[in-house]
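Have a look first, and the notes will follow.

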Amino acid sequence: HFRLVVNKTTEPFSIAGVYLITDQNEDLVERVRLALRGGVTALQYRAKDKKHEECLTEARVLQQLCREFGTTFIVNDSVSLARELDADGVHLGQDDGSVSYAREQLGDAKIIGKSTHDLNEALQAEKEGADYIGFGAMYPTESKLVTHIPGTQGLAQIRSEVNIPVVGIGGITVGNACRVIDAGADAVAVISSVLSHPRPDMAASTLRLLFNRQRPFP
Ligand code: TZP
Ligand code: MG
């Protein structure tokens, strides 16, 4: 499977499944390679403390890996970096500018995601034209300072109110992901449970398998 770039206007676009976010690990590329081998739907390049040139070099390597594996490649925070890389999309936090600006810069073919933490933000993101929302935190996490933990109950509530894919995030592991999926998440976004796992490939493939199992009735 090899595709050059996702075009969501011509291909069915999906971020459903395992959505992996990068960390600052020294062996990042090798770990991401293993994770993609295990089965990752989308990779978000997130590099909070790096200079632009360094980001560009690292992101290009990861983007190429994504092309080899057919994984959607999304850039965190920066519309201009997403544009420069011709990434498949961008992910915006609440303070990263508007969806409409990103849309204007990137066009309809690109994926725009937005981080949300409550029903208002979720509805607003959908109204602005986001293609998916991140929603969290699900659980406490050491990967980011989070102040609000709406959890799986919060996710279940917004799931019934929005019609775009919902990506659960924050403290998700192989042990609790089934609860996030049962609450209605289309994807689980993870950093540490895959990238800090001794076997990122096994962690990713286990998470992926959880989407295919029998759901509780009803
Ligand atoms: N946004 C909300 S929680 C989080 C981000 C980027 C970190 C998720 O990392 P982990 O290690 O999967 O809890
Ligand atoms: Mg951000």
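**Around the ligand**

The shell around ligand 1 is made up of seven nonpolar, seven polar and one charged residue (Ala, Val, Leu, Ile, Met, Phe, Trp, Tyr, Cys and Pro count as nonpolar, Asp, Glu, Lys and Arg as charged, and the others, Gly among them, as polar). This is a predicted model, in which local features need pLDDT of at least 70, side-chain atom pairs count only at pLDDT 80 or more, and totals for chains, interfaces and linings use all residues. Residues are numbered from 1 along each chain as its sequence is written, while chains are lettered from A and ligands numbered from 1 in the order in which they are written.

**Ligand 1**
- Of the 15 residues that surround ligand 1, the closest are Thr 141, Ser 143, Gly 170, Ile 191 and Ser 192 (near: C-beta atom, placed from the backbone, within 6 Å).

**Arg 46**
- Arg 46 sits in the loop between strand 2 and helix 2 (DSSP runs numbered from the N terminus: helices are H or I, at least four residues, and strands E, at least two).
- Arg 46 is partly exposed, because 18 other C-beta atoms lie within 10 Å (buried means 20 or more, exposed 12 or fewer, partly exposed in between, with C-beta atoms placed from the backbone).
- Beyond its neighbours within four places in sequence, Arg 46 contacts Ile 21, Thr 22 and Asn 76 (contact: C-beta atoms, placed from the backbone, within 7 Å).

**Helix 1**
- Arg 31, Val 32, Leu 34, Ala 35, Leu 36 and Gly 38 are buried in helix 1.
- Those buried residues pack against strand 1 (17-21), strand 2 (42-45), helix 2 (52-69), helix 8 (192-195) and helix 9 (200-210).

Methods. Contact = placed C-beta atoms within 7 Å.
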